[in-house]
Amino acid sequence: MLIGILSDSHNDSLAIDKAIDFFNLRGVSLVLHCGDFSLTRNAKQFEKLKCGFIAVFGNNDFDRVGMENIISVFGSINVEPYKFKTAGKIIVMSHRPLGFIDHEADYMFYGHTHKAMIDKAGR
């Protein structure tokens with residue numbers, strides 16, 4: 001299963017469209033957004049994905065009801081931390097770094113810092 005991960009799209013419509021095209025061209029099965037769409041109209045752009053979509057709210061996602069109404073048509077948006085299982089793997093998503101390791105999780109993803117980082121802990 002190929003998963004696309006992004007965060008902090010902050011109203012950048014052009015970057016969002018590029019990310020959607022990238023994910024669609026590569027046949028991604030699921031896209032995870034770790035929060036901070038900022039405006040609901042930018043969250044709506046993700047309806048063009050040809051795969052599943054799961055997101056969490058960020059600290060700049062103020063219209064949560066509007067965002068949930070839009071995203072619920074093509075995916076889901078959740079309060080952080082959000083833990084779920086897909087393809088036999090347990091994933092934890094949040095917007096902010098959680099400050100702890102969920103030892104049941106296979107993967108933990110977060111945004112907020114605007115810095116790419118990969119770290120391995122436990123299994």
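Predicted model: local features only at pLDDT ≥ 70, side-chain atom pairs only at ≥ 80, totals over all residues.
The largest pocket has a volume of about 1,100 Å³, and its lining is made up of 33 residues, among which M108, F109, Y110, M117 and D119 lie nearest the centre. Two elements, β1 (3-6) and β7, each give two or more residues to this lining, and β7 gives the most, with 3 residues.

M108 counts as partly exposed because its relative accessibility is 30%.

Across the whole structure, 5 salt bridges are found. One of them joins E80 and R96, with the closest N and O atoms 3.2 Å apart; since E80 lies in the loop between β4 (76-78) and β5 (82-86) and R96 in the loop between β6 (89-93) and β7, the pair ties together parts that are 16 residues apart in sequence. Both partners count as partly exposed, E80 at 23% relative accessibility and R96 at 37%.

K83 forms a salt bridge with D102 (3.0 Å, N to O), and this pair ties strand β5 to the loop between β6 and β7, parts that are 19 residues apart in sequence. K83 is partly exposed at 37% relative accessibility, whereas D102 is buried at 16%. A further salt bridge links K83 with E104, the closest N and O atoms being 2.6 Å apart, and through shared partners K83, D102 and E104 are joined into one network.

Methods
Residues numbered from 1 in each chain as written. Heavy atoms only, no water. Buried < 20%, exposed > 50% of the residue type's maximum accessible area, 1.4 Å probe, protein only. 1 Å grid on protein atoms, 1.4 Å probe; cavity = no way out; pocket = protein on both sides within 12 Å on 5 of 7 lines; lining within 4 Å. Points joined across faces, edges and corners; volume = space filled by probe spheres on them. Helix = DSSP H or I, 4+ residues; strand = E, 2+ residues; numbered from the N terminus. Salt bridge = Lys/Arg side-chain N within 4 Å of Asp/Glu carboxyl O.
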